[in-house]
Amino acid sequence: MRNDPIVTIGIPVYNGEKVIGQRIKKILNQTFQDFVIVISDNNSNDKTNEICKDASKNEDRITYYKQDENKGPSWNTNFVLGKAKTKYFVWAFADDMWEDNFLEENIAILENKPNVVGSIGDVKLFNRIENGEIKIKKIENLRKFQYVHPVSGELEDKIRFYLNYNMSSILYAVFRTEKLKRANVLEQFSNPIRWRSAFACVLSIIREGDLFVTTNNNVFKEVKPTSGSTIQYMRSIGYSFSNILLYNVPFTIWFARDFGMGMFLQNFGYFLKLNIKSTGGICAEIIRIIKRISCGQPKYW
């Protein structure tokens with residue numbers, strides 16, 4: 001292992017046997033090689049453990065942890081960041097993909113722009129379709145900066161812009177480790193589980209500096225070919241029914257507390273619309289569920 005690697009790649013994974021081996025292989029083929037990899041297996045019950053152990057035996061830059069119990073995705077994501085001791089850090093989720101120059105391009109930005117806290121390539125989506133074999137279907141973006149957007153300038157302006165932009169994919173950027181750790185709020189949002197932890201993290205990171213989007217590389221995020229139920233998803237990650245109806249209220253309270261009442265009041269209209277819209281969406285889904293049950297159709301959850 002190199003004495004002083006410059007970047008830590010954190011891979012939180014759970015039951016990723018279909019993707020983790022290829023993900024590790026592609027990372028090892030990056031044009032930038034001065035890195036270490038930290039993998040945290042959140043107590044998988046498939047072949048993830050076997051694949052990761054073999055990879056760590058064959059590559060001394062990989063450190064592998066098998067957790068004794070599944071402590072949830074936010075905890076696992078936070079764990080790999082906590083292990084980072086390098087200048088830079090990046091999360092590499094098992095089901096995502098990078099172009100081969102991802103690290104090289106974004107680390108170059110961070111090395112040359114001290115005001116930038118995080119740099120990423122454009123983000124595009126893809127479907128992983130299984131039909132005897134796995135096929136990748138990439139989805140072209142409809143516009144520039146559809147899922148990630150650079151931001152700079154005064155903090156009030158940056159926060160206002162990102163609140164209205166309302167995307168958190170910038171979290172998959174390469175970051176300055178010290179600043180990311182200082183801004184990280186994943187632990188606050190994991191116990192108890194609260195909605196919009198990734199977006200809260202993005203807002204905290206903006207306080208530490210500017211965000212940059214390069215034009216010469218891409219990050220590909222997997223999405224499912226069909227949409228699902230918001231209520232079903234919330235139930236699967238541990239939400240109680242009592243917390244679902246007003247699920248954006250804890251995020252709203254967090255913002256007011258962490259950014260102060262002055263900035264909260266400047267953006268009060270955003271939070272008012274956010275909570276009305278999210279509560280209305282849950283009520284509409286409940287009505288759809290009732291209609292499905294009354295028509296003899298299976299419910300979502």
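Rings of Phe, Tyr and Trp (its six-membered ring) count as a pair if their centres lie within 6.5 Å; planes under 30 degrees apart make the pair stacked, over 60 edge-to-face, and the rest tilted. What follows comes from a predicted model, in which local features need pLDDT of at least 70, side-chain atom pairs count only at pLDDT 80 or more, and totals for chains, interfaces and linings use all residues. Residues are numbered from 1 along each chain as its sequence is written, and side-chain values use heavy atoms, with hydrogens and water left out.

By the ring rule, the count comes to 18 aromatic pairs. One of them is Phe251 with Trp254, a stacked pair with 5.9 Å centre to centre and 20° between the planes. Both residues lie in helix 11, 3 residues apart, or about one turn of the helix (helices are DSSP runs of H or I, at least four residues, numbered from the N terminus). Phe251 has 0% relative accessibility and counts as buried, buried being under 20% relative accessible area, exposed over 50% and partly exposed in between, with a 1.4 Å probe and protein chains only. Trp254 is also buried, again at 0%. Phe251 pairs with Phe271 too: the centres are 5.9 Å apart and the planes stand at 40°, so this pair is tilted. Since Phe251 sits in helix 11 and Phe271 in helix 12, the pair ties together parts that are 20 residues apart in sequence. Phe271 is buried, at 2% relative accessible area. Phe251, Trp254 and Phe271 belong to one aromatic cluster, along with Phe199, Phe255, Phe259, Phe264, Phe268 and Tyr270.

Charges turn up over rings as well, meaning that NZ of Lys or CZ of Arg is within 6 Å of the ring centre and within 35 degrees of the ring normal. Arg207 has its charged end over the ring of Phe259, 4.1 Å from the centre. Arg23 does likewise with Trp98, at 4.6 Å from the ring centre.

As for cysteines, a disulfide is a pair of their sulfur atoms within 2.5 Å, and the count comes to 0. Cys52 is buried at 0% relative accessibility, and Cys201 is buried at 0% as well.

On the surface, Leu245, Leu246, Val249, Ile253, Ile286 and Ile290 form a nonpolar patch. Such a patch takes Val, Leu, Ile, Met, Phe, Trp or Tyr side chains within 5 Å, each residue having over 30% relative accessible area and no salt bridge (a side-chain nitrogen of Lys or Arg within 4 Å of a carboxyl oxygen of Asp or Glu). Helix 11 (249-266) and helix 12 (268-294) each supply at least two of the patch residues. Leu246 is found in the loop between helix 10 (241-244) and helix 11, and is partly exposed at 49% relative accessible area.

How values were computed. Patches are made of residues with over 30% relative accessible area and no salt bridge: like charges are joined within 9 Å, nonpolar side chains (Val, Leu, Ile, Met, Phe, Trp, Tyr) within 5 Å. Accessible areas come from the Shrake-Rupley method with a 1.4 Å probe; for residues, only the protein chains shown count as cover.
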